[in-house]
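Colleague: I have a new model open. Can you walk me through it?
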Amino acid sequence: LGLLFGEPGCGKSFLAVDMALCVATGVPFHEKPVKQGAVFYIAGEGFNGLTRRFRAWAKHKNVDIDGAALFVSKKAAQFLDTAGAAAVTKAVQTLATEHGIPAMIFIDTIARNFGAGDENSTSEMGKFIAAMDALKAEFPGCSVFLVHHTGHSEKQRARGSIALKGALDAEYRLDKLGDTITLLNTKMKDGEPPAAIAFNLESIDLDDGRSSAVLIATEVRHNTKVLSPDQKLAMNTFF
């Protein structure tokens with residue numbers, strides 16, 4: 001069970017799409033090998049934008065994704081609802097009979113797929129974690145990867161109950177500084193934390209006249225600390 005969190009607009013979904021397509025097609029993730037397999041992407045919003053991001057990625061990588069084992073939901077899930085969680089499992093089971101056990105299931109975002117509950121409630125977050133554990137147990141070897149927002153006042157941690165971090169095997173924070181976004185590991189349960197990776201978002205023109213963007217690896221900036229609004233004001237006043 002992994003999680004990627006960051007502030008709104010920092011590029012979380014672009015990164016999740018990049019990861020999902022690399023696993024589904026077997027294309028290395030920025031020179032890092034992947035274990036290819038079927039991918040299920042449970043999106044809570046921005047379905048049209050996702051399609052453009054898929055096409056931009058395919059054009060940039062020069063990879064045909066029409067036959068890739070990548071399956072995207074048409075609506076958000078409601079994992080706190082027993083029937084909603086069961087519907088997701090059944091849908092994945094149906095496709096898995098033809099395409100194999102999924103390698104990864106992406107849930108983008110927790111807020112959109114949580115259901116009628118409070119993310120700050122330890123008991124309700126516990127129910128959500130139980131639903132994730134059940135999903136993993138149904139498909140042995142599959143990684144479930146969550147996309148989440150930062151806290152409203154605490155930008156260094158994911159929003160909601162701290163019980164979520166305790167349940168994670170891996171956690172990553174995405175920071176944006178100027179035009180550069182940096183992926184930082186903030187928890188690795190079994191293993192050495194990987195080094196930070198940095199990206200720039202590059203615009204890609206599509207054949208229909210619209211555009212989207214893809215991630216281009218770049219040099220990691222050493223100053224990746226995210227300043228709060230008060231800290232930014234203090235620094236600007238000092239300068």
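Modeller: Start with a term: two strands pair if DSSP finds at least two bridges between them. Helices (H or I, at least four residues) and strands (E, at least two) are DSSP runs, numbered from the N terminus.

Colleague: What sense do β4 and β5 pair in, and over how many bridges?
Modeller: Parallel, over five bridges. Strand β4 covers residues 104-108 and strand β5 covers residues 143-149. I107 has L146 in β5 as its bridge partner.

Colleague: What holds paired strands together?
Modeller: Backbone hydrogen bonds, and the pairing is either parallel or antiparallel.

Colleague: Back up a bit. What should I know about the numbers?
Modeller: This is a predicted model: local features need pLDDT of at least 70, side-chain atom pairs count only at pLDDT 80 or more, and totals for chains, interfaces and linings use all residues. Residues are numbered from 1 along each chain as its sequence is written, and side-chain values use heavy atoms, with hydrogens and water left out.

Colleague: What is the average pLDDT?
Modeller: The protein averages 91. pLDDT is the predictor's confidence in each residue, from 0 to 100. At least 70 is reached by 96% of the residues. Confidence is lowest in helix α7 (residues 229-238), with a mean of 84. Helix α1 (residues 12-25) is highest, at 97.

Colleague: Now the whole sheet. What is the strand order?
Modeller: The order is β3-β2-β4-β5-β1-β6-β7-β8-β9. That is nine strands in an open sheet, with mixed pairing.

Colleague: Which strands stand at the edges?
Modeller: β3 (70-72) and β9 (211-218). Each has a single partner strand, so one side of each has no neighbour in the sheet.

Colleague: New topic. Is M125 buried or exposed?
Modeller: M125 is buried, with a relative accessible area of 0%. Buried means under 20%, exposed over 50%, partly exposed in between (1.4 Å probe, protein chains only). M125 sits in helix α5 (residues 122-138).

Colleague: What does M125 touch?
Modeller: Not counting residues up to four places away in sequence, M125 touches F114, E119, S161, A163 and L164. Contact means heavy atoms within 4.5 Å. M125 and S161 are 36 residues apart in sequence, yet 6.6 Å apart in space, C-alpha to C-alpha.

Colleague: And T180, buried or exposed?
Modeller: Buried, at 7% relative accessible area. T180 is in strand β7.

Colleague: Which side chain does T180 join in a polar contact?
Modeller: The side chain of N200, at 3.2 Å. A polar contact is a pair of N or O atoms within 3.5 Å; within protein, one must be able to donate a hydrogen and the other to accept it, and residues adjacent in sequence count only if both atoms are side-chain atoms.
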